[in-house]
Amino acid sequence: MLLHEDTSVTTISLPLATGLHRKGATDEPAWVRRTLIGVALIFLTLFLFVPLISVFYEALKKGTDVYLAAITEPDAVDAIKLTLIAAAIAVPLNLIFGLAAAWAIAKFEFRGKNLLITLIDLPFSVSPVVSGLIYVLIFGLQGWLGPWLAENDIKIIFAVPGIVLATIFVTVPFIARELIPLMQAQGTEEEEAAVVLGANGWQTFFRITLPNVKWGLLYGTILCNARAMGEFGAVSVVSGHIRGSTNTLPLHVEILYNEYNFAAAFAVASLLALLALVTLALKTFVESKNRWHEGELNEH
Amino acid sequence: MSIEVRNLSKQFGTFAALRDVSLKVHSGELLALLGPSGSGKTTLLRVIAGLEAADTGQILFQGGDATSQHVRDRHVGFVFQHYALFRNMTIFENVAFGLRVRAKAFRPTEAEISNRVHRLLKLVQLDWLADRHPHQLSGGQRQRVALARALAVEPTVLLLDEPFGALDAKVRKELRSWLRRLHDDMQITSVFVTHDQEEALEVADRVVVMNEGCIEQIGTPDEVYERPASPFVYEFLGKVNLFHGRLHRGRAWIDGLEVDAPEHTEAENLAAVAYVRPHDIHIDRMIHGGALPARVFHILSVGPIVRLELIRDDSEDKELIQVEITKERFRELQLVRGDQVFIKPSRFDLFPSQVVH
């Protein structure tokens, strides 16, 4: 039965494919398609796959012992710890801020809304180095608050708080940017329905608003986390590169590289590359979930 | 529960959505707010619900002032045009929501909730869909779920914002008569917004016709259709023909026809317009007394009513006149395109025209 169906399909499609040369009105000639796909593949290979493979190749070139030693030596472990701490503080804070900002922008009308949207985008448009400098200018020894901080023995620049601040600033947009369009598309009717049915603000938020954006929120959080761990420019300015104390993973890579310790540099870099790969995998998974969810939304 | 609205006004920027609107909804009544888009009908409904605050004016529920009461505390049921079902919940949880969010002291037990939800889902004939999600339902089913959800909290008032606006014509008709039956069974004071005059006239006990933030007329479907209070209501509710003429001390001259106009005895040589429904025009092949000559331009004879489009012979403006006659009358007259006929309005309303030519 199956076979029979198959043959019938072939007999119908054969004359179309060979005899008539039927093709869609919007199709390009074969050579155009092949050239474009080829260019894209060459580009991807040269700029993505080769560097990625070379990171792991260089990291493992001198054997796994060297590799393991490079990522378990005290300075590397401290760098990993600091990176995790910075992300662990920056991501939850930006999660709260992003949710609150997106909620306010998408569901309410107020003065200064456009200004708020612009401000959220600011870290994207400002060079990370400038973001770092802003904090040096405010909290540094020669900065506005510098003398007062020094008097009270509070260290921000060239210390962990500065790194956390810079990381927070650079990663502000990720979650809010992800949620605003989603929440705007969903509108406020469900919230209104909930309030009419007697729900208070918290019930409405936790039972209606939040579940409706959970995949978008997760997606934004993953991106935010990846950036928080990988940020170099802003953190580099405020860090001071004190080994074992204010070095994050990307800074540690730079130091090792500058010391011609290539094997160790690539070993630590491979951790960041792994992080990127895991992020990509998670992102793809969440995106597919998200798309399924939005398909639902469009049906509404 | 009766609703009273007193002198409501509401402004959106420079746009006046409501201008000094007053209205009484009797207890147990099904009232339609009818008007074109931008007429303020939805705003009025949302102000009654508490989803929107009026700039000035008062809302009274059963005589008590509810103007500053929070929407949560008004105990209204609200049905949205686009259903607004909670997409992350099953149908069961959607209907149960209003009961689950109650403070502990007022929350029914799980068994009671389950009982009530299933009873309501049976009422809207969707009990078998309790475990589905909203996106798995058709539009008509979703709107019935939305209604069950609104009824679950035992509201004192049911407010529906264009409840059938997003549905296709057939489902809309079904749900319309279904809503009427449901209302007759439950006797809950209901207000629904629509821009569909057929829907309003068919379902409602009384119709409120709105235009540009004001109420043009309140009356039973019969009253607003047969005795429109203004040119706007005439034109909004069904087809109408306009005949231009003059009014003078209780007499009117409309395109050469002289008629009595007893309600306009004070009029002093005013320009006026006569509004005539298509079925209120008498048509004949012979002239009997005062009548206007016209020519048959188009015949549409589908169904029991035959619709004719005529062109006036005597007037320069080639405006078509719509006439509706029964199929029997049509056979009697044996009209074909191009025939000469004589027409005479058998019933009409005269309004002094705003713009005097």
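**View 1. The largest nonpolar core has 106 residues.** Helix 4 of chain B (residues 139-152) gives the largest share, seven residues. A nonpolar core here is a set of buried Ala, Val, Leu, Ile, Met, Phe, Trp, Tyr and Cys residues joined through C-beta atoms within 7 Å. Buried means 20 or more other C-beta atoms within 10 Å of the residue's own, exposed means 12 or fewer, and partly exposed lies in between; C-beta atoms are placed from the backbone. Apart from this core lies another, of 60 residues, including A:Leu82, A:Leu217, A:Tyr219 and A:Leu271.

This is a predicted model: local features need pLDDT of at least 70, side-chain atom pairs count only at pLDDT 80 or more, and totals for chains, interfaces and linings use all residues. Residues are numbered from 1 along each chain as its sequence is written, and chains are lettered from A and ligands numbered from 1 in the order in which they are written.

**View 2. Contacts of B:Ile48.** Leaving aside neighbours within four places in sequence, B:Ile48 is in contact with B:Ile3, B:Val5, B:Ile59, B:Leu159 and B:Val191. Contact means C-beta atoms, placed from the backbone, within 7 Å.

**View 3. B:Val157 in strand 7 of chain B (residues 157-161).** Helices (H or I, at least four residues) and strands (E, at least two) are DSSP runs, numbered from the N terminus. B:Val157 is buried, because 23 other C-beta atoms lie within 10 Å. Beyond four places in sequence, B:Val157 is in contact with B:Met1, B:Ile3, B:Val76 and B:Thr189.

**View 4. An open antiparallel sheet of four strands in chain B.** The strand order is 2-1-4-5. Strand 2 (15-25) and strand 5 (64-65) are the edges, each pairing on one side only. Pairing requires at least two DSSP bridges between two strands. Strand 4 (residues 56-61) is joined to strand 5 by two bridges. B:Leu60 stands opposite B:Asp65 of strand 5. Helix 1 of chain B (residues 41-49) packs on the sheet, touching strand 1 (3-12), strand 2 and strand 4. The direction of helix 1 makes about 120 degrees with that of strand 1. Axes are lines fitted to C-alpha atoms, for helices over the stretch in contact, and angles run from 0 to 180 degrees between N-to-C directions.

**View 5. The contact between chain A and chain B.** On chain A, 18 residues are in contact with 18 residues of chain B. Helix 9 (189-196), helix 10 (201-212) and helix 14 (262-299) of chain A each supply at least two residues of the side that touches chain B. Helix 9 gives the largest share, seven residues.

Note on methods
Contact = placed C-beta atoms within 7 Å.
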